[in-house]
Amino acid sequence: MRRTVSATSLFLLILVASTVQAEEANITPDTVARYISGLPVEDEALPPSLRNLAAFKAQRQFFESRWSELEPRRLDPMRKWAASELDAARKDTETLFYPFGGPDFLHAFTFFPNANRYIHFGLEPAGVMPDLTTMSSKETADMLTLIRKSLFAVLEWSFFRTNDMKVDLIRSRMGAAPLILSFIARSGNEVLKVDYVELDAEGNLIGVSAPGNQPQYKGPVPGIRVYFRKSKDAAPQEVIYFSLDVSDSAYARNKRLHDFVKKRNGLVTYLKAASYLMHYASFNRIRGLILEESKHVLQTDSGIPYGYFSPATWDITLYGVYTRPIPLFRKRYQADLRSAYLKASEPLPYGIGYNYREGTSNMMLASKKGR
């Protein structure tokens, strides 16, 4: 582990001071995360109106049913595969960068559970920490229903349906925050603290005041940060989600993200269901950032085109099978990747990405030489 005891102790002191208000309300960030993800909560932590809410009972039934299917079908095979195939990449991972990942903390954590920091971004608004003490029963029920609706696709197919989710999260004013919190809790972690962040002109992360009920707030790169830990004895980790457009046309704004990423050590990038955006010239800058700064890149074929990984710079291992993209992205077929797969590939014991059925999926691990 790279974290020190003194750094951990300092964080916990800050945490105690920053969560007094939440404790006074007797609903901690972890209780909120457990509640919205359908996990059991201590009776004394919530008023009867919340414990007995029909939507909460539906939430528990939904998650218990989905997770009982998800664990043996996808998550457990992923963990076993990653423990074997990603050992070197995991050791190099201080920061896990998940471009276009949206709120999907689940898969990032499953593959890379020991990163100090996870950086996600998407077009969906960052959102706010749900305040169960002030929300009406209807607002709480509506939020729980929307969480179930938003998570259905990623739990069933391993990816969000971006357009549908973005519309839902904007209309609901919920943002990505509750989805991230749900995944953190359901991955067996304790949520410690939630705060709101922004990137300044030099790419430094700064804290900002809570945005109230607004899922987006002033500033070109708004974000939310969640501190969590795996156990009482574990050091804190953090996930940061930014809401922004990273196309080249918006570079005046997203340059802040580029500068922030360049300051991170031990960067490893994970790409899945990335809509083949980096196949286009309009996403040259984010593609270049990933190739320049990453020690390893783990991706499906929807990430960076295979031809950008020069054999002089990268060691490549292919997993699963590659035939062609789904019909929606049929023009993104890569003949060179197909040829590489015909020469050699390793087994992939789970389904992931747009070709989400086991036996149809692909993954590529690119490791920079001399890293």
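## Buried and exposed: testing the labels

Modeller: On α13, the face turned away from the buried side carries the exposed residues L342 and K343. The model is predicted: local features need pLDDT of at least 70, side-chain atom pairs count only at pLDDT 80 or more, and totals for chains, interfaces and linings use all residues. Residues are numbered from 1 along each chain as its sequence is written, and side-chain values use heavy atoms, without hydrogens or water.

Biologist: What do you call buried, and what exposed?

Modeller: Buried means under 20% relative accessible area, exposed over 50%, and partly exposed lies in between (1.4 Å probe, protein chains only). Helices (H or I, at least four residues) and strands (E, at least two) are DSSP runs, numbered from the N terminus.

Biologist: Which residues of α13 are buried, and how do you know that they share a side?

Modeller: In α13 (335–343) they are L337, A340 and Y341. These residues cover an arc of only 100° around the axis, taken from the directions to the C-beta atoms, so they sit on the same side of α13. What covers them includes β9 (314–320) and β10 (362–368).

Biologist: Why is F100 called buried?

Modeller: Its relative accessible area is 19%, and the limit is under 20%, so F100 counts as buried. F100 lies in the loop between β1 (95–98) and α7 (105–111).

Biologist: What makes the phi of F100 worth a remark?

Modeller: Phi of F100 is near 60°, positive in a residue other than glycine. Most residues other than glycine have a negative phi.

Biologist: Why is S294 called buried?

Modeller: S294 has 1% relative accessibility against a limit of under 20%, so the label holds. S294 sits in the loop between α12 and β8 (296–299).

Biologist: What makes the pair S294 and T269 a polar contact?

Modeller: A polar contact is a pair of N or O atoms within 3.5 Å; within protein, one must be able to donate a hydrogen and the other to accept it, and residues adjacent in sequence count only if both atoms are side-chain atoms. The two side chains are at 2.7 Å, so the distance passes. The side chain of S294 also reaches the backbone oxygen of I290 at 2.7 Å.

Biologist: How do you know that β3 is largely enclosed?

Modeller: Ten of the ten residues of β3 (190–199) are buried, so the rest of the structure largely encloses this strand.

Biologist: Why do you say that β3 and β5 pair?

Modeller: Pairing takes at least two DSSP bridges; β3 and β5 (222–229) have eight, so they pair. They run antiparallel.

Methods
Contact means heavy atoms within 4.5 Å.
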